[in-house]
Structures are given as C-alpha cells and as structure tokens.
Amino acid sequence: MRPFPKTPQQLVPPYKYSNSSFAIDRFPFPFKTPLHSQQPFKYSANIEPHHPGKADSATEFYLDIDEHYLTEILEKKRVLNQHKNHCLVLDHMKHAEWEWFEHVTRKLAQDYPHYFELEIAGDCGCWKNHLLDIEQEFTLGKDSLPSRPLAFLGGQVQGDFALLDQREHQLYLDAGIITGPSDWSLAFDIGMDFTEWHKPVPDAEPVFDRALNYLLGLQAGSPVRRLNWILCVYPRLDRSLESYPDWALDKQNLMPDRIGDDLFLRVELQVLDRLPKTRAIMFSIRTYFLSMNDLLLNPHRALAFYQTIKTLPKSICDYKGISPLQAMLVDWLEQKLEKRLEG
Ligand code: HEM
C-alpha cells in the first residue's frame, strides 16, 4: 500500500529529503539489470506504451502521486511565487489547456478516489482535493478558477506539464507549467519546435527524427512513457536557467566523502498522451531522486549503474555534466562494490 504523503521536507537549502524503503523499492530505475545485459549507454527513444504497471509501482496509475506530494507541492508554490514565467500559455493553447484540465482531473479522481473527487455535468463541475483541502467549482472554458487551469491544477499535481501543438509535421512547445526542469527553462524554449529545443543534446539527431515521427502519429487514449536520467548534487528540483546561480557550483564542490549522501540519481518518468479534441499532446515529467547510499542497497542496480557511468561516452558525459566527477564516482563505486565485483 502506498504510504500517505509525509510531512513536507525541503528541496532547497538546507535540504531535507529522504526516501522510505517503499520509495526506494519502487524507484523507476532507468538501466537494465542484470549486469550482463548492459551495453554502453547511448541515447534512444526508449518509448513504451503507458500500460498500468504492477501494484504500488511508479507506473501503476496514469500519474504517480507518492509520499513526496506535500514536499513537491510546496516547492512548486515557492518557484511560481518567484518566477511567474514558469507557467506560460500562448493564446492559441487556451482550449488545449482546458481540455488538459478536464482530462487530468478525471484521471486523478479515477485513480486516487480517496485523495481527489470530481463531479461534472455538462461544462460545470466541482473539484475536490482532500490532500490540500481544496474545493473549487468551475465552468470549463470560462475564467472560473482562482488562477489559469495549468497553474491551478498543475500546482496540485506532482511533476511538470507541457502542452504541445501539432502543426505542419512538427510539435511546438506552446504551453506549460515547468517548475522543476533539469537545466532548461520554459521561458527560453516556449514556441520552439521539437527539433529546436533538443538541439543541445549530442549525437542523437536520428533518435529525435524517429521519436518525432512516432509522436506525430500518437493516438488519443494510447499514452506512452519514457525515462530520462541525470546525476545531481542535492535533491533540488528547480534547476532552471533562472535559478542557475543557486545550483551551478554544486557539482564542483562535491567531496568524495559526501557522495553517498549528496549525489543523487535523478530520473524523470515522462508520459505523453494525445488530447482528443484539440489534438494537443500532453507531456508530463515526474521527477524522482535516489541518493547513492540508497542506490547501493540494491546490488543489481548498483552494478548496472556503475557499469553505465564507467562506460558512458564522453559526449554524453559532457552534456549531462558528469565529466568533472566521473573518475571520482567510479572510484567511489568500485570501493563500495569491491567485495561484490571480486565475487
Ligand atoms: C514531446 C515532449 C518533449 C519535451 C517538451 C522535451 C523537452 C526536452 C528538453 C527541454 C530537453 C533539454 C534540452 C537542453 O539541453 O536544453 C530534453 C532533453 C532530452 N530529451 Fe526531450 N522532450 C520531449 C520528448 C522527448 C522524446 C519523445 C524523446 C525521445 C527520444 C526525448 C529525448 C530527450 C533526450 C535523450 C534528452 C537529453 C537528456 C539528458 O541526457 O539529460 N525527449 N527534452
């Protein structure tokens, strides 16, 4: 049984963040285990149908609500208060925004009836969020919420959301609420197309061509998902370009004796779904952190991770910002895994 969200922790200094053993077990691990099936990591579309995963897993439901709910909702509030431009909607996306609102409220109420309720008749409805003690009536498509639909509902769901408009064989990032990006920014990317915003990613052009073609044919009601990963020092969700001075030096300051506690595998569970009426695509990003010490608790995962980092191609290491700490991390993992590697 998934535990009730715990009392808020903190995703900015002074950090206060921990995973329960339940959260560690269900962490969406992005590398193949066992070790012998491992090839050097390379970029791939790694898209699969978003079928319900096993009970209690991160993919059991359409969107994952877990023990970090209250922590992440507070953090979103903090970020949005500081940077209004982390929620942006171009004018032509207003219908898609309301369609997304209806779609996501329905999914949440269906998957988590103890946390969320939705009553809807025609265009009028009432949304209840028992976790935050919110009860809100609304009229779909009308200015009837305390803030715009992406900000109102996005502020009550873990993870970020982008809405993509499809025009002339391209997808455009024309709306979103992005409060916990990993080294990018909605205000910079808004209005860009799929090819443009992925330009900084090295050696992956053919992968992106294939992924774009696939997504252009995405059908409503057949969502897909993928995992993305990176390493970061401290469990800081907000690594936007706007807050760059607050986190840019984190990796440089990491000492070997702090790796276990302060270095985290940061994984994004991304879900893509077509909204049937406006044909916009919803892209959700749910972020999970796992400390190196917690990673070591599972030897299969630890070995697969070690093998990945050790053999990571230089271009990907540079892009992901791992190069300055790769050697130190490999040494650390070898020390910790020594007995197992010998065996
Ligand atoms: C359609 C919705 C998507 C959005 C809004 C999105 C957005 C982004 C952004 C903003 C970045 C950071 C680029 C930078 O360095 O500035 C990124 C990275 C990346 N994206 Fe996407 N993406 C989407 C879908 C996909 C799909 C379907 C794939 C599958 C190939 C993909 C693969 C990647 C990869 C491999 C990276 C590099 C990640 C890393 O190594 O840390 N993305 N994406």
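This note sets out numbered points on the ligand site, a pocket, the sheets and the backbone of a predicted model.

1. Basis of the note. The model is predicted, local features need pLDDT of at least 70, side-chain atom pairs count only at pLDDT 80 or more, and totals for chains, interfaces and linings use all residues. Residues are numbered from 1 along each chain as its sequence is written, and side-chain values use heavy atoms, with hydrogens and water left out.

2. Surroundings of the ligand. The ligand is surrounded by 22 residues, and Y43, W197, H198, Y319 and K320 are the closest; a residue is near a molecule if one of its heavy atoms lies within 4 Å of it. By class, this shell holds 17 nonpolar, two polar and three charged residues. Here Ala, Val, Leu, Ile, Met, Phe, Trp, Tyr, Cys and Pro count as nonpolar, Asp, Glu, Lys and Arg as charged, and the others, Gly among them, as polar. At least two residues of the shell come from each of α6 (194-197), α7 (205-216) and β9. Helices (H or I, at least four residues) and strands (E, at least two) are DSSP runs, numbered from the N terminus.

3. Atom pairs at the ligand. The side chain of Y43 has an N or O atom 2.5 Å from an oxygen atom of the ligand. For Y319, an N or O atom of the side chain is 2.4 Å from an oxygen atom of the ligand. H198 places a polar side-chain atom 2.8 Å from a nitrogen atom of the ligand.

4. The second largest pocket. Its volume is about 870 Å³, a volume being the space filled by probe spheres set on grid points that are joined across faces, edges and corners. A pocket is an open set of points, on a 1 Å grid over the protein atoms alone, where a 1.4 Å probe fits, with protein on both sides within 12 Å along at least five of seven lines; lining residues have an atom within 4 Å of a point. The second largest pocket has 35 lining residues, and F29, P30, F31, K32 and L227 lie nearest its centre. The lining comprises 15 nonpolar, ten polar and ten charged residues. Both α1 (21-25) and β9 (224-233) supply at least two residues of this lining, and β9 gives the most, with five residues.

5. The seven-stranded sheet. This open sheet has the order β1-β9-β11-β12-β6-β7-β2, with antiparallel pairing; two strands pair if DSSP finds at least two bridges between them. Because β1 (48-49) and β2 (87-89) at the edges each have a single partner strand, one side of each is left without a neighbour in the sheet. Strands β6 (residues 160-167) and β12 (residues 281-291) run antiparallel and are joined by five bridges. The bridge partner of F161 in β12 is S284.

6. The three-stranded sheet. Three strands in the order β3-β4-β5 form an open sheet with antiparallel pairing. At its edges are β3 (116-121) and β5 (134-139), each of which pairs on one side only. Strand β4 (residues 124-129) pairs with β5 in the antiparallel sense over six bridges. G125 has F138 as its bridge partner in β5.

7. Backbone details. A cis peptide bond, with omega near -10°, runs from P13 to P14, and P14 is in the segment before α1. In the loop between α1 and β1 lies N46. N46 is not a glycine, yet has a positive phi of about 30°.

How values were computed:
A polar contact is a pair of N or O atoms within 3.5 Å; within protein, one must be able to donate a hydrogen and the other to accept it, and residues adjacent in sequence count only if both atoms are side-chain atoms.
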